[in-house]
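Please keep the sequence and the 3D view at hand while reading.

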Amino acid sequence: MKADFYETLGVQKGADEKELKSAFRKLAMQFHPDRNPGDAACEHKFKEINEAYECLKDPQKRAAYDRFGHAAFEQGGMGGAGQGFAAGGFADIFEDIFGDMMGRRGGRGAGGRDRGVDLRYNMEITLEEAFNGKTAQIHVPASVTCDDCSGSGAKPGTQPVTCQMCAGSGRVRASQGFFSIERTCPQCQGRGQTIPDPCPKCAGQGRVTEERSLSVNIPAGIEDGTRIRLAGEGEAGLRGGPSGDLYIFLSVKPHEFFQRDGADLFCKVPISMTTAALGGSFEVTTLDGSQARVKVPDGTQNGKQFRLKGKGMPILRQATIGDLYIQVAIETPQNLTKRQRELLEEFEKISSQENNPQSTGFFSRMKDFFDSFAERS
């Protein structure tokens with residue numbers, strides 16, 4: 001007894017065309033004979049799946065099946081649910097499902113011409129170059145169209161000829177049982193043409209390897225890890241096929257003084273203990289080459305940040321610029337002379353809690369905390 005067509009496809013009786021097609025795709029991929037060579041059970045299951053789909057995808061056949069079941073197709077009722085398969089009933093989605101498995105290539109262009117592969121080029125630039133932008137010249141070894149044969153692959157004065165096996169279609173059809181399968185032509189590899197007399201310079205490939213000089217525009221504000229695409233600058237396609245693309249991957253060298261975070265820059269500047277205590281100022285050179293003065297108020301603590309607005313990095317393709325943050329690191333004096341040491345010792349003697357509120361307050365809070373902890377214990 002034949003299985004119910006809806007059960008065979010694993011769908012409900014009210015399933016629409018999209019659900020039917022999706023269910024069929026999944027099952028056909030699973031049980032296709034080419035994926036299960038020598039498995040008679042899978043081949044039988046595949047035939048059942050195809051018969052069910054061929055019936056249910058046709059509105060008239062489906063209506064008859066819903067009303068009379070399998071009896072609708074017995075004794076010539078509807079001409080048989082499986083009829084029309086070899087004539088192309090399965091072809092509407094066969095290529096979509098099994099194209100890659102049968103030799104189709106997604107990179108092949110019109111007329112069966114192979115698209116050239118994409119290339120990658122790694123470029124390292126400085127932070128100054130990322131700030132200002134630049135036009136760089138790069139040298140890329142890649143396949144280019146052969147000048148002798150103009151990319152045809154045929155010896156000058158000759159032309160490719162139509163493939164005799166596939167009559168120029170690039171596909172051949174073979175029968176397997178009750179259905180037929182279309183495959184890429186093995187003689188021309190799907191191009192539809194063969195080259196009896198190949199070009200001696202490119203050996204029939206239609207391309208040769210050369211080093212090319214290319215100009216790359218790097219805009220101001222570019223960030224580390226940015227990818228720039230140069231369309232059509234990759235490998236030339238085989239036998240006149242379209243070229244691939246060239247991708248420039250940028251990395252920015254670490255800078256000696258500045259660290260970058262998006263559009264902002266950070267710089268750590270050491271200052272003397274006396275400048276921090278008494279106040280003062282210092283100058284820093286910004287990334288654009290100009291000088292900026294930073295005022296240090298008296299009593300400045302270690303790690304204090306000062307913001308210089310508009311002295312950071314430009315934002316890519318925008319008119320705005322980030323900020324520069326200067327963080328001060330207070331340097332403790334070293335190699336003191338006798339007189340310097342005497343002065344510092346004298347200063348220490350006359351210092352009060354008000355001169356060092358953070359350290360005094362810290363130790364006072366620590367003592368109170370452990371005293372209260374001891375009392376609770």
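This is a predicted model: local features need pLDDT of at least 70, side-chain atom pairs count only at pLDDT 80 or more; totals for chains, interfaces and linings use all residues.

Helices are taken here as DSSP runs of H or I with at least four residues, numbered from the N terminus.

## Helix α10 and its surface

Helix α10 covers residues 357–376 and includes Phe 373. Within this helix, Lys 367 and Asp 371 are four residues apart, which means that about one helical turn separates them. Their side chains form a salt bridge, in which the closest N and O atoms are 2.9 Å apart. Of the two partners, Lys 367 is exposed, with a relative accessibility of 52%, whereas Asp 371 is partly exposed at 35%.

A nonpolar surface patch of about 640 Å² is made by Phe 362, Phe 363, Met 366, Phe 369, Phe 370 and Phe 373. One of these residues, Phe 373, has a relative accessible area of 44% and is therefore classed as partly exposed.

## Salt bridges

The structure holds twelve salt bridges. One of them joins the side chains of Arg 115 and Asp 118, with an N to O distance of 3.1 Å; Arg 115 is partly exposed at 33% relative accessible area, and Asp 118 is partly exposed at 39%.

Another salt bridge links Lys 57 with Glu 54 at 3.6 Å, N to O.

## The three-stranded sheet

Three strands make an open sheet with mixed pairing, in the order β1-β9-β8. Strands β1 (119–125) and β8 (227–230) are at the edges and have a single partner strand each, so one side of each is left without a neighbour in the sheet. From one strand to the next, the twist averages 25°.

Strand β9 (residues 246–252) runs parallel to β1, to which seven bridges join it, and antiparallel to β8, to which four bridges join it.

## The four-stranded sheet

A further open sheet, also of mixed pairing, is formed by four strands in the order β10-β11-β15-β14. Its edges are β10 (259–261) and β14 (305–308), and each of these has a single partner strand, so one side of each is left without a neighbour in the sheet. On average, neighbouring strands of this sheet are turned by 30° against each other, direction ignored.

Strands β11 (residues 264–272) and β15 (residues 324–331) pair in the parallel sense over eight bridges, and one of the residue pairs is Lys 268 with Gln 327 of β15.

## Cysteines without a disulfide

How many disulfides does the structure hold? There are zero. The sulfur of Cys 149 has its closest cysteine sulfur in Cys 202, at 3.7 Å, which is too far for a bond, given that a disulfide requires the two sulfur atoms to be within 2.5 Å. Both cysteines count as buried, Cys 149 with a relative accessible area of 7% and Cys 202 with a relative accessibility of 5%.

Notes. Residues are numbered from 1 along each chain as its sequence is written. Side-chain values use heavy atoms; hydrogens and water are left out. Buried means under 20% relative accessible area, exposed over 50%, partly exposed in between (1.4 Å probe, protein chains only). Patches are made of residues with over 30% relative accessible area and no salt bridge: like charges are joined within 9 Å, nonpolar side chains (Val, Leu, Ile, Met, Phe, Trp, Tyr) within 5 Å. Accessible areas come from the Shrake-Rupley method with a 1.4 Å probe; for residues, only the protein chains shown count as cover. A salt bridge is a side-chain nitrogen of Lys or Arg within 4 Å of a carboxyl oxygen of Asp or Glu. Helices (H or I, at least four residues) and strands (E, at least two) are DSSP runs, numbered from the N terminus. Two strands pair if DSSP finds at least two bridges between them. Axes are lines fitted to C-alpha atoms, for helices over the stretch in contact, and angles run from 0 to 180 degrees between N-to-C directions.
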